Amino acid sequence: MSRFVEVLEEERKKNLLGVDIKKLLLKVRKKLNSISSYAKFDFKYFIEKNAPVSGLKSLMCYDAYFEGVLSEEDYKFYLGVKVPVTTLCPCSKEISKYGAHNQRALVKVKISYSEENHIWLEDLIQWIEQSASSELYSLLKREDEKFVTEKAYENPRFVEDLLRDIVLKLQNNEIINEFEVEIEALESIHNHNAWAYQKFSR
């Protein structure tokens with residue numbers, strides 16, 4: 001096990017802006033005389049967001065990761081993120097005289113693309129949030145709450161709708177070679193959650 005730590009320490013001391021995962025995996029494979037190697041780096045990623053009306057700034061935290069798989073034949077890099085969003089039920093809105101139930105949905109997206117290309121984590125998060133009934137914020141004043149509530153009401157989404165919109169965005173991006181999307185909507189009026197999943201590879 002010490003050999004893994006040795007490689008990590010060597011890379012850490014280089015004070016890199018990012019981790020060259022492929023280079024790290026090549027070192028691990030050589031050091032252990034193995035035919036394949038794997039590494040995953042989980043981290044918290046913070047983005048400064050402005051509240052939609054008041055404009056107040058706050059940091060929004062997302063769970064993200066870099067993942068690398070190196071075999072004899074090829075190398076694959078994966079970028080992953082979990083994004084919380086709001087979904088409002090279209091059926092509830094249609095059958096109710098007023099109001100509609102909504103819930104927080106957790107969207108997990110994992111994408112892969114070639115070494116020659118790059119996708120920013122901020123862009124991936126934005127694609128996900130734009131597909132929801134509303135995005136979430138860390139700080140909202142009353143005028144912001146009104147905006148977010150009304151935006152969600154005017155933009156109802158089943159979990160399947162949210163999945164479809166995200167899948168289409170990713171499929172239409174030619175840089176992305178493969179992806180997985182998993183969504184769990186934490187239902188607010190049922191004793192169960194709604195779930196949807198899609199996997200794609202070119």
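The model is predicted. The chain holds 6 helices and 7 strands, and 38% of its 202 residues count as buried.

**Overall layout**

- Starting at the N terminus, the order of elements is α-α-β-β-β-α-β-α-β-α-α-β-β.
- The C-alpha trace spans about 65 × 35 × 35 Å along its principal axes.
- Among contacts in the chain with a separation of 6 or more, 59% are between residues 24 or more positions apart.

**Helices α1 and α2**

- Helix α1 covers residues 2-12 and helix α2 covers residues 21-32.
- The axes of α1 and α2 come within 10 Å and cross at roughly 145 degrees.
- The crossing of α1 past α2 is right-handed.
- On the α1 side, the contact is made by R3, F4, E6, V7, L8, E10 and E11. On the α2 side, L24, K27, V28, K31 and L32 take part.
- Sorted by class, this contact of α1 with α2 has 6 nonpolar and 6 charged residues, and no polar ones.

**Helix α4 and its buried face**

- Helix α4 runs over residues 121-130, and its buried residues are L121, L124, I125, I128 and E129.
- These buried residues line one face of α4, because they fall within an arc of 130 degrees when seen down the helix axis.
- As background, an α-helix has 3.6 residues a turn, so residues three or four places apart point the same way.
- The strands that the buried residues of α4 pack against are β1 (37-50), β2 (57-70), β3 (75-88), β4 (102-113) and β5 (134-135). They also pack against helix α6 (159-171).

**Helices α4 and α6**

- The axes of α4 and α6 come within 9 Å, with a crossing angle of roughly 140 degrees.
- α4 passes α6 in a right-handed crossing.
- From α4, the residues L124, W127, I128 and Q130 meet L162, I166, K169 and L170 of α6.
- By class, this contact of α4 with α6 has 6 nonpolar residues, 1 polar and 1 charged.

**The largest nonpolar core**

- In soluble globular proteins, nonpolar side chains tend to be buried together.
- The largest nonpolar core here has 41 residues, and I111 and V181 touch the most other members.
- Elements giving two or more residues to this core are the helices α2, α4 and α6 and the strands β1, β2, β3, β4 and β6 (176-186).
- Apart from neighbours within four places in sequence, I111 is in contact with F77, Y78, L79, I119, L124, L170, I176, E178 and F179.
- L124, one of these contacts of I111, is also one of the buried residues of α4. L170, another contact of I111, is among the α6 residues that meet α4.

**Two single residues**

- N33 lies in the loop between α2 and β1.
- N33 is not a glycine, yet its phi is positive, near 55 degrees.
- N33 counts as exposed because its relative accessible area is 72%, over the 50% cut-off.
- C61 is placed in strand β2.
- C61 is partly exposed, with a relative accessibility of 32%.
- Leaving out residues up to four places away in sequence, C61 touches K44, Y45 and F46.
- From C-alpha to C-alpha, C61 and E48 are 9.0 Å apart in space, and they are 13 residues apart in sequence.

Methods. Residues numbered from 1 in each chain as written. Predicted model: local features only at pLDDT ≥ 70, side-chain atom pairs only at ≥ 80, totals over all residues. Heavy atoms only, no water. Axes fitted to C-alpha atoms, helices over the stretch in contact; angles between N-to-C directions. Helix = DSSP H or I, 4+ residues; strand = E, 2+ residues; numbered from the N terminus. Left-handed = near helix turned anticlockwise from the far one by under 90°. Contact = heavy atoms within 4.5 Å. Nonpolar A, V, L, I, M, F, W, Y, C, P; charged D, E, K, R; others polar. Buried < 20%, exposed > 50% of the residue type's maximum accessible area, 1.4 Å probe, protein only. Arc of directions from axis to C-beta. Core = buried A, V, L, I, M, F, W, Y, C linked by side-chain atoms within 4.5 Å.
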